[in-house]
Amino acid sequence: ADIRGFTTISELMKDDPEGLVGLINRILSPLSDIVIEHRGTIDKYMGDCIMAFWNAPLDDPDHAQNGLDTGRAMMAAMPAINRAIADYLPDGGKGTPEIKIGIGINSGSCVVGNMGSNQRFDYSVLGDAVNLAARLEGLNKDYGTRIIISEQTRSQVEGHILCRRLDQVLVKGRQQPVWISEV
């Protein structure tokens, strides 16, 4: 999940970096709670982005559905998050754009474990499936959507969610096109 328009918000708060940290924490905290509530593992925070995965360290046969349920719950939480942000800001949020997020969900094989260097490492995921999920998140900007899932995820949640097939795309860095759907 990635916050839309965060650069604009950062610029509006350029003279209050501590306030910006307070703002981002008020967004990422409830979104993180949602990930954990749906059996997800938070991999990392990358500025205004949360990267999470399912099915590790514990097996989760419903990982695709849990990931999708997380995305939907995050979207449902955004109005309350925006109200909390307005209450937090000294001017009641006047001039601050509504916070929106984009989400990309993909299912597939990857490696999960401690990765990094001999001196510093993180428990993380690595693989083509991970890279594709990140690319799907970014496609929301192009399609004007909020949640994009891959065909691999769609096939695992078929019948449990209403999706609209968007397009077959060739994402940056890949040679094989993938079908994408909007939740």
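Q: Which residues in α2 meet which residues in α3?

A: The model is predicted, so local features need pLDDT of at least 70 and side-chain atom pairs count only at pLDDT 80 or more, while totals for chains, interfaces and linings use all residues. Residues are numbered from 1 along each chain as its sequence is written, and side-chain values use heavy atoms, with hydrogens and water left out. Contact means heavy atoms within 4.5 Å. Helices (H or I, at least four residues) and strands (E, at least two) are DSSP runs, numbered from the N terminus. On the α2 side the residues are Glu18, Gly19, Gly22, Leu23, Arg26, Ile27, Pro30, Leu31, Ile34 and Val35; in α3 they meet Thr70, Ala73, Met74, Ala77, Met78, Ile81, Ile85 and Tyr88. The residues of this contact divide into 13 nonpolar, 3 polar and 2 charged. Here Ala, Val, Leu, Ile, Met, Phe, Trp, Tyr, Cys and Pro count as nonpolar, Asp, Glu, Lys and Arg as charged, and the others, Gly among them, as polar.

Q: At what angle do α2 and α3 pack?

A: Axes are lines fitted to C-alpha atoms, for helices over the stretch in contact, and angles run from 0 to 180 degrees between N-to-C directions. Helix α2 (residues 17-37) and helix α3 (residues 63-88) pack at about 150 degrees, with axes 9 Å apart. The two helices are therefore roughly antiparallel (angles over 145 degrees).

Q: What is the span of helix α4 from its first C-alpha to its last?

A: The expected span of a helix is 1.5 Å times one less than its number of residues. Helix α4 (residues 128-143) has 16 residues and reaches 22 Å, close to the 22 Å expected. Glycine 144, whose phi is positive, near 65 degrees, follows α4.

Q: Which residues of α4 are buried?

A: Buried means under 20% relative accessible area, exposed over 50%, and partly exposed in between (1.4 Å probe, protein chains only). In α4 the buried residues are Ala129, Val130, Leu132, Ala133, Leu136, Glu137, Leu139 and Asn140.

Q: Is isoleucine 147 buried or exposed?

A: Isoleucine 147, in strand β7 (residues 147-150), has a relative accessible area of 5% and is therefore buried. Leaving aside neighbours within four places in sequence, isoleucine 147 is in contact with residues including Asn140, Ile103, Ile105 and Val183.

Q: How does valine 112 count in terms of accessibility, and why?

A: Valine 112 lies in strand β5 (residues 111-116) and counts as partly exposed because its relative accessibility is 31%. Beyond neighbours within four places in sequence, valine 112 is in contact with Phe53, Ala56, Tyr123, Ser124 and Val125.

Definitions and conventions: Angles under 35 degrees count as roughly parallel, over 145 as roughly antiparallel, 65 to 115 as roughly perpendicular and the rest as oblique.
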